Amino acid sequence: MDADILFAGGVVVTMDARRQIVRDGAVAVRDGRIVAVGKLEDVRAHWSAREVRDCGGCVVMPGLVNTHTHLPMSLLRGLVDDLRLDVWLYGYMLPVEREFTDERFCRVGTLLSCAELIRSGVTCLADMYYYEDTVAETVAQVGLRGVCAETIMKIPTPDAESYDESLDYAQRFVEKWQHHPLITPAFGPHSIYLCTPEILHATSMLGLKYDVPQLIHIAETDLEVRELVEKLGEPPVVWMQKQGLLVGKMLVAHGVHLTDAEMRLLAERHIGVAHNPTSNLKLASGIARVMALRGSGVNVGLGTDGCASNNDLDMFEEMRLAALLPKGVSGDPTALPARVAVEMATLEGARTLYLDGEIGSLEPGKWADIIVVNLDTVHETPKFALSDNNVYSQLVYAAKSADVRDVAVAGRFLMRDRELLTIDVPAVQSDAEAMASRIDRFLAAREENLVDKIVGIGGVEQQETFEVQVKVRLPDERALRHLLGHKDVNVIRESVRRQYDTYFLFDDPDKGHVRYREDNVIQPDGSLVPRYGLTLRGPTVERVYENSVILSRSRFSAVADRSLRFYREYFQPDRIKEVNKERRRWRVQYKGVDFEVNADRLFRPAYDDLFLEIKSRTWSAKDALAKAGLIGEMLEIMGVSSEQIVRKEYVDF
Ligand SMILES: [Zn+2]
C-alpha cells in the first residue's frame, strides 16, 4: 500500500496503551494520519512511501504537548524578572500589555513563540491571550496544532473595554474556528480573582453550548488562595463545584495550592491540570503536588506558561523539572520516573486538552504529530538497551531541546534537520527587536515619573489641592477646648481615627512622594473600620501669610487595594518613613466659613505635645487671604504665639 512518509529506523516510542517501544521501528503516514507503527521490516513489507525519512540513531516519538502558554508574551521575555507575581503582573505585564498589545503584537509574538516551540519538539499547544483570532490564524498558518482561548476578565483588556465585549469576541471567535482541523477554539476566563461569578457562569454555559474547553488559572499562589478563601468562604474549586461551574471541558493551569478535596473534585469531573514547574519556581509560587494530583486520578499535563515568566518555551526542561522536583521534595528517588514525565508531556497532556483520541501517541488512526530526536550526540553517549526505561531516561535526563531534528504535524514537516520550513525566522527576530525597543522606551519614561507609574496600576483620581493651612504645637488641650467652645465656632461633625502612614521618599525632590495610609476610624462602639489609601503628592508650592501658608500641590489618590509590600516593591523608594498618630478631627464653621481642625497625637515619631492643624480648601488668592485672616483670629482665641507655629510636615519631622 502507498504511504506519504515513512519514518524508518531508530527507536519508536509509541506511548500507546502498552507503552511499547520498538527498536529498529518505523511509522508510516498517509493523508496526515498514522497508518502503521511497528518493526521496520514489517512496516516496509506492507507500505511503500513517497518519502523515506531515515531515523537511524534517533528516537521517533509523539510531538510534545505544551498545555499552558501565552504565546505573544515572548515579546516580553526578560523585560522584568525576579519580582513577585502581583508586582510583576499588575505593575508591569498588564500596563505594558494595555499599551502595546494589538493584532500586530500578537502576530509577531506568536510567530516568535511558534518558532521556539517547533525547535523544541512541540506539536500542540494551549494558549490563552487577547486577539486570539490573530493568534489562532498565526498558529494555523505555521502549521502547529493549538487549543486557543480568548482571555476574559472583569477589567478592561487590550481587545475589550468591558467583559461583555470580551465575551462577544470570544463567542464569535469560537464560532469561526469551531471546525478547523488544527485549531480548537476555547474560552479563557482568566482566573476567579480576575473574573466575576457572572463571567464564570457565562463562560461555562458557552463552553457547554459549543462543546469547547475553558482554560483558567487556579491556585497559582498561596496569597491568591488565602484571599479567595476569605472572600468565598471555601477553597476555590469547592466553591466552583457548589456554583455549578465545574461543567463541560476544562483545564486548570497551575493548581499549585489545591487541597485534597479539590483534587478529588477535579478527578471526578475529568478536569486536568497544566503543571508549569519553571514558571512556578521562578515566580516563587510553590511546587505543585503532582504526585498527589496524579494519585487522586487527575490528569496532569506540562506547560511552559508565557515566556515572560519562564523565560523560554523549552518542554524538555519542563519534563526534566517535572521528574526531578517530586524527588527533591519527597526525598524519594522513585517519585515520578522518567517514563511518567514523558507521558505527561505527550499523551496525558493531550488528555487534559480532550485531544487524546486524536494525538498524544503513535498509533494507527491518530494524526501524524511526530518528532524525531537525534540521540547521536556526545551527551547521549553511550546508549543502553537493558530496558525501555533507558530510552525514557535519555529523553528526560540527558536530551536537550536542540536535539530535536524533525517536527511534523498531521504529516506536514514544520522542521527538517533543524531548519524551520514555515517561519521566516530572521524577519520575526527583527520585528521582535523593534517591538522591544519601543517597550523599553515606554517603561524607561514611566520609571522616571511617579505619576505615570501610579496611573499604570489603575484606579487613580487626580485632584489639585489648593488649601490654607496652619499647624501649631500645644503643650496641652486647654487652647483647643477654648477654641471649640467659642461662641463663633460651630462644630458640625467629629471623628477619631488612628492613622498609620508609610511614606515612600525619593532622593530626587521633583519626584514628590507616595503615602500609603491605613486610616482606622474608631466607631462609637470602639470598633475600628480600616480604610487604605494611596496618595501621590507632587512637589508643593507655598505662599506664606502672616500666620498661615497656602499650599498648592497636585495629588493623585487611589484606594490602596493591594498590600503595602506590593507598593514598596513596585515603587522602590530610596527611603521609607513611618508616621503614626491618633487624629481627632472636627468639621467646624468659624463665622460661617468651613474649616477642618485636626488634633494629632504622634506616637511614631513620639511627641508629648499635641499638634493642631487648621485648614480649609480654597479656590482663589482673595478667598485664601480672607481665610488666612480667619485662621489668625482663631489662633488669637487660643492664645497661640508665633513661636508655636510649625512649618514642617510630619513626614519631615
Ligand atoms: Zn498563565
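A residue is counted as buried if 20 or more other C-beta atoms lie within 10 Å of its own, as exposed if 12 or fewer do, and as partly exposed in between, with C-beta atoms placed from the backbone. The structure is a predicted model, in which local features need pLDDT of at least 70 and side-chain atom pairs count only at pLDDT 80 or more, while totals for chains, interfaces and linings use all residues. Residues are numbered from 1 along each chain as its sequence is written. Helices (H or I, at least four residues) and strands (E, at least two) are DSSP runs, numbered from the N terminus.

Helix α4 (residues 132-142) is mostly covered, with eight of its 11 residues buried. These buried residues are Glu132, Asp133, Thr134, Val135, Ala136, Thr138, Val139 and Val142. The elements that cover them include α3, β9 (122-129), β10 (145-152), α5 (163-177), β11 (183-189) and β18 (412-416). After α4 comes Gly143, which has a positive phi, near 100°.

The protein is divided into domain 1 (62-442) and domain 2 (451-652), with bounds that come from an automatic or database domain assignment. Taken over C-alpha atoms, the centres of domain 1 and domain 2 are separated by 50 Å. Seven residues of domain 1 are in contact with six residues of domain 2, where contact requires C-beta atoms, placed from the backbone, to lie within 7 Å. The side of domain 1 that touches domain 2 has four nonpolar, one polar and two charged residues. In this classification Ala, Val, Leu, Ile, Met, Phe, Trp, Tyr, Cys and Pro count as nonpolar, Asp, Glu, Lys and Arg as charged, and the others, Gly among them, as polar.

A nonpolar core is a set of buried Ala, Val, Leu, Ile, Met, Phe, Trp, Tyr and Cys residues joined through C-beta atoms within 7 Å. The largest such core has 169 residues, and Val27 and Ala341 have the most contacts inside it. Helix α3 (residues 103-119) gives the most to this core, with nine residues. Both domain 1 (62-442) and domain 2 (451-652) give residues to this core, so it lies between them. Leaving aside residues up to four places away in sequence, Ala341 touches Met319, Ala322, Ala323, Leu336 and Val396. A second, separate core of 18 residues includes Leu483, Val588, Ile614 and Ile631.

Four strands form an open sheet in the order β5-β4-β1-β6, with mixed pairing; two strands pair if DSSP finds at least two bridges between them. The edge strands, β5 (33-39) and β6 (48-54), each pair on one side only. Neighbouring strands of this sheet are turned by 20° against each other on average, direction ignored, with axes fitted as lines to C-alpha atoms, for helices over the stretch in contact, and angles running from 0 to 180 degrees between N-to-C directions. Strand β1 (residues 2-8) runs parallel to β6 and is joined to β6 by six bridges. The bridge partner of Ala8 in β6 is Asp54.

Elsewhere, strands β27 (residues 593-604) and β28 (residues 610-617) pair in the antiparallel sense over five bridges. A hairpin of five residues joins β27 to β28, and Asn598 stands opposite Glu613 in β28.

Val329 is placed in helix α12 (residues 315-330). This residue counts as partly exposed because Val329 has 13 C-beta neighbours inside 10 Å.

Notes: Contact = placed C-beta atoms within 7 Å.
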